[in-house]
Amino acid sequence: SALGKFFAFMLINVFLISLLAGSVIGIWNQIEQIAQNSGYLLNLLAAKIPPQVNFFINYIATVAVLRQLMNLLRPVDLLLYIWASKTSHPRSRHARHRLRSPPELDFADVMATDLLVFAITITYSSISALILIFGLLYFA
């Protein structure tokens, strides 16, 4: 299904890649110690992952504010309505209704984003309880 594929894509690209990128940047100067002792890598990653909670708090806060703002303003739909009403004058009742009807909900996009924010919130809630406030702001 589209929802499952899009959620897997977002989970890998947003959550895991940014998590690993932040950890690798933090441990790049200790690469020699990792090459000598492979068990040291897990301990180092365990120490570098929790400080990344600030990035995910900012991510959830930004997504929450922008999502609500875009849902209220719907700038693309407004511009398309203005353009369509100026360039074409619908004569039939069906054409006028189609011009004024709200857009369809992209269920896969909305639910995949909701699931990603939920997964990030649950994952980091044991490290920093502050992320729960922003998770609540997103779902409110």
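Predicted model: local features only at pLDDT ≥ 70, side-chain atom pairs only at ≥ 80, totals over all residues.
Local features here need pLDDT of at least 70 and side-chain atom pairs count only at pLDDT 80 or more, while totals for chains, interfaces and linings use all residues. Residues are numbered from 1 along each chain as its sequence is written, and side-chain values use heavy atoms, with hydrogens and water left out.

View 1. Rings of Phe, Tyr and Trp (its six-membered ring) pair if their centres lie within 6.5 Å; planes under 30 degrees apart count as stacked, over 60 as edge-to-face and the rest as tilted. By this rule there are six aromatic pairs. One of them joins Phe-6 and Phe-9, which are stacked with 6.4 Å from centre to centre and 15° between the planes. Both residues sit in helix 1 (residues 2–27), three residues apart, or about one turn of the helix. Helices are DSSP runs of H or I with at least four residues, numbered from the N terminus. Phe-6 is partly exposed because its relative accessible area is 29%, and Phe-9 is partly exposed because its value is 48%. For these labels, buried means under 20% relative accessible area, exposed over 50%, and partly exposed in between (1.4 Å probe, protein chains only).

View 2. Phe-15 and Phe-56 are both buried. Look around them for the cluster that ring pairs make of Phe-15, Phe-55, Phe-56 and Tyr-124.

**View 3. Ser-18 and its surroundings.** Ser-18 is in helix 1 and counts as buried because its relative accessibility is 18%. A polar atom of the Ser-18 side chain lies 3.3 Å from the backbone oxygen of Phe-15. Which residues touch Ser-18, leaving aside its neighbours within four places in sequence? They are Asn-13, Gln-52, Phe-55 and Phe-56, where contact means heavy atoms within 4.5 Å.

**View 4. Leu-73 at the surface.** Leu-73 lies in helix 4 and counts as exposed because its relative accessibility is 53%.

Technical notes
Helix = DSSP H or I, 4+ residues; strand = E, 2+ residues; numbered from the N terminus. Polar contact = N/O pair within 3.5 Å; in protein donor to acceptor, adjacent residues only side chain to side chain.
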